[in-house]
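Hello,

Here is the structure we talked about. Please open it alongside this note; my findings follow.

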Amino acid sequence: MSTLQPAGSGAQFHSIDGVYNFAYLDEQTKRMIRRALLKAVAIPGYQVPFGGREMPVAYGWGTGGMQVTASILGVDDVLKVIDQGADDTTNAVSIRRFFNRTAGVPVTEATTEATVIQTRHRIPEKTLREDQVIVYQVPMPEPLRKLEPRETETRKMHAFAEYGLMQVKLYEDISRHGEITTTYDYPVEVNARYMMAPSPIPKFDNPKMHAMPALQLFGAGREKRIYAIPPYTKVRSLDFNDYPFEPQQFEDPCALCDAKGVFLDEVILDDKGDHMFVCSDSDHCRDRRAEGHMGPRAREAAEKGYGADE
Amino acid sequence: MYVATKGGEAAIENSHALIAEERRGDPAVPELEAAQIREQLGGAVDRVMTEGSLYDPDLAALAIKQAQGDLVEAIFLLRAFRTTLPRFGASAPIDTGAMTIRRRISAAFKDLPGGQVLGPTYDYTHRLLDFTLAARGETPPVAPEEDATDAAMPRVADILGHEGLIEPETPPPGPEQPYDLTREPMQFPAGRDQRLQNLFRGDEGFLLALGYSTQRGYGRNHPFAGEIRMGTVQVEFTPEELGFPIALGEIEVTECQMVNQFKGAKGIAPQFTRGYGLAFGQAERKTMGMALVDRALRADELAEDRLHPPQDEEFVLSHSDNVEASGFVSHLKLPHYVDFQSELVMLRGMRASAEAMQKEAAE
């Protein structure tokens with residue numbers, strides 16, 4: 001379903017009263033960021049330090065992703081922004097409005113229509129294409145940070161590919177709990193070399209990173225790091241031979257669109273513990289319902305004669 | 001029935017309208033002008049300029065007004081404006097020795113060339129609420145005319161330096177262009193230029209608390225307030241096409257030179273060492289905290305044991321910036337449904353298997 005909104009007033013390369021440049025950042029800054037991006041693509045999974053700028057939104061709210069998006073955005077691009085898989089979450093709305101205003105590019109909620117997708121915490125359910133770029137907002141780019149707080153140490157560990165500390169952590173998880181207890185921001189190994197934080201996406205999404213046709217870019221604004229996974233790159237979630245990596249599984253289908261094998265949000269319906277599971281990817285869910293799929297709740301509602309979701 | 005958390009767009013618009021209304025307050029009370037803030041809330045303006053790292057009293061006043069007096073928010077506003085400005089070069093180092101002095105005190109010497117100049121300070125006021133200020137139309141007593149002290153005011157550190165009692169302050173080797181934290185990411189180990197820039201922009205409360213902790217024994221290095229001076233200095237810049245320096249204008253700064261004991265180490269004679277603090281405007285609390293922390297961070301360089309947080313460069317420099325800190329702390333307000341859901345799934349699974357094991361054991 002097309003949700004394309006045409007270019008905003010900023011399409012003339014001048015925006016916000018002609019004070020700020022196209023897509024907010026000045027061209028010199030964009031060039032600096034593009035250089036960092038090129039390096040990041042050349043060394044998959046390696047964290048490239050860059051002169052991150054202060055942005056007019058707070059650190060931790062997507063400044064890294066926004067700087068990457070601002071640097072790659074062109075007038076012909078169509079932008080989609082999601083947070084928790086949904087286009088209508090407040091921060092996604094805020095960032096989409098920012099670029100609609102400062103770059104004037106058309107924005108969309110449809111994954112298939114977008115050329116650039118900025119995301120926080122999810123990868124869309126639809127397989128991304130070669131002509132798309134996905135930009136991740138990253139809070140903590142260093143996968144080893146929780147194990148070693150010092151940057152001077154972790155940089156050395158990456159240089160020597162000395163990742164034993166993480167293996168020990170995962171092993172201790174298994175010996176203590178019988179399974180690896182990391183459920184999101186689950187560390188991966190990129191191109192058989194660098195250990196990388198996939199950003200806090202659920203480990204459910206990790207397999208989508210492997211050999212993805214789209215270019216994957218990661219921006220961490222507060223920590224001033226950029227990294228990347230080029231298309232069709234090997235991405236392996238860390239595990240052991242006898243304890244293979246296992247993504248989350250949901251027993252029930254989406255209550256609204258009946259989708260299986262997708263990531264579901266739990267929605268509390270009342271104070272008696274009644275709840276239902278619905279697609280976290282709002283665009284995917286809407287498309288399926290438009291195609292006529294109906295989950296148990298939607299069917300129940302249709303039988304009673306009112307809409308399930310509105 | 002299911003009501004999703006939708007309507008982000010309308011919610012944001014409404015929220016913005018609400019803050020605009022809150023900011024204005026009771027319309028029966030006259031609206032605050034930015035110029036009033038600039039003139040009458042100088043302490044706030046100076047702090048916002050310093051930590052916002054942009055010397056512009058008018059913009060700082062505007063930011064304070066826009067942020068309803070929330071100074072960390074105002075600092076954020078000023079930073080977000082500053083970041084869009086082109087950078088055309090680095091000025092010549094300001095010469096605080098040539099400062100037009102408004103205040104200058106030393107706790108190390110009773111009298112010294114140029115003398116002690118108390119200037120405007122709250123230090124010796126009694127902190128009693130002054131109810132005459134609550135009444136409108138207060139006319140302040142006429143301040144005594146400030147003598148523009150033409151007397152030379154050599155810096156205390158320079159006086160001690162003649163005897164070799166204090167370490168000389170020489171520019172570190174390396175490129176003449178200083179590190180620019182606003183253009184390059186933090187690096188560790190950090191040079192002193194990078195460190196001082198970070199501390200200059202750092203949160204006053206954070207530096208005050210860390211500096212205080214050094215006085216209470218966490219990284220102790222007995223300090224004396226060698227000198228605190230406040231006044232205006234000229235900023236000079238050499239445009240490439242001219243080849244000679246031109247004055248861009250004057251700025252008001254506060255400088256603090258801490259003088260610290262040092263017993264000497266292998267290859268270093270016993271001498272006084274320094275900690276340095278600088279800020280825009282009148283900011284003594286900030287500069288003193290900064291100087292204490294700067295000195296504590298020199299532990300490695302002076303072969304002191306590095307045992308406490310104020311001596312730990314990565315710890316201090318990575319957490320001093322209140323725009324970064326408040327951003328990352330406040331991001332916890334953003335939705336984390338997906339991560340939370342992932343944890344729920346795991347927790348339920350673990351509880352189920354624990355229950356099953358208990359049941360098995362009971363049977």
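**What was found**

In chain B, 31% of the 363 residues count as buried. Keep in mind that this is a predicted model. Chain B has 12 helices and 4 strands. Its C-alpha atoms fill a box of roughly 90 × 65 × 55 Å along the principal axes. Take the contacts in chain B between residues at least 6 apart in sequence: 64% of them join residues at least 24 apart.

**A helix pair in chain B**

Look at helix 8 (residues 204-215) and helix 9 (residues 284-296) of chain B. Their axes come within 8 Å and cross at roughly 55 degrees. The two helices of chain B are therefore oblique to each other. The crossing of helix 8 and helix 9 of chain B is left-handed. On helix 8 of chain B, the contact residues include B:Leu207, B:Leu208, B:Gly211 and B:Thr214. Helix 9 of chain B contributes, among others, B:Arg285, B:Met288, B:Gly289 and B:Val293. By class, this contact has 8 nonpolar, 3 polar and 3 charged residues.

**Where the chains meet**

How many residues of chain A are in contact with chain B? The count is 48, and they touch 36 residues of chain B. On the chain A side, helix 4 (90-102), helix 5 (151-159) and strand 12 (264-268) each supply at least two residues. Helix 4 of chain A gives the largest share, 4 residues. The residues on the chain A side divide into 18 nonpolar, 16 polar and 14 charged.

Best wishes

How values were computed:
Residues are numbered from 1 along each chain as its sequence is written. Chains are lettered from A and ligands numbered from 1 in the order in which they are written. This is a predicted model: local features need pLDDT of at least 70, side-chain atom pairs count only at pLDDT 80 or more; totals for chains, interfaces and linings use all residues. Axes are lines fitted to C-alpha atoms, for helices over the stretch in contact, and angles run from 0 to 180 degrees between N-to-C directions. Angles under 35 degrees count as roughly parallel, over 145 as roughly antiparallel, 65 to 115 as roughly perpendicular and the rest as oblique. A crossing is left-handed if the near helix is turned anticlockwise from the far one by less than a right angle, and right-handed if clockwise. Two residues are in contact if their C-beta atoms, placed from the backbone, lie within 7 Å. Ala, Val, Leu, Ile, Met, Phe, Trp, Tyr, Cys and Pro count as nonpolar, Asp, Glu, Lys and Arg as charged, and the others, Gly among them, as polar. A residue is buried if 20 or more other C-beta atoms lie within 10 Å of its own, exposed if 12 or fewer, and partly exposed in between; C-beta atoms are placed from the backbone.
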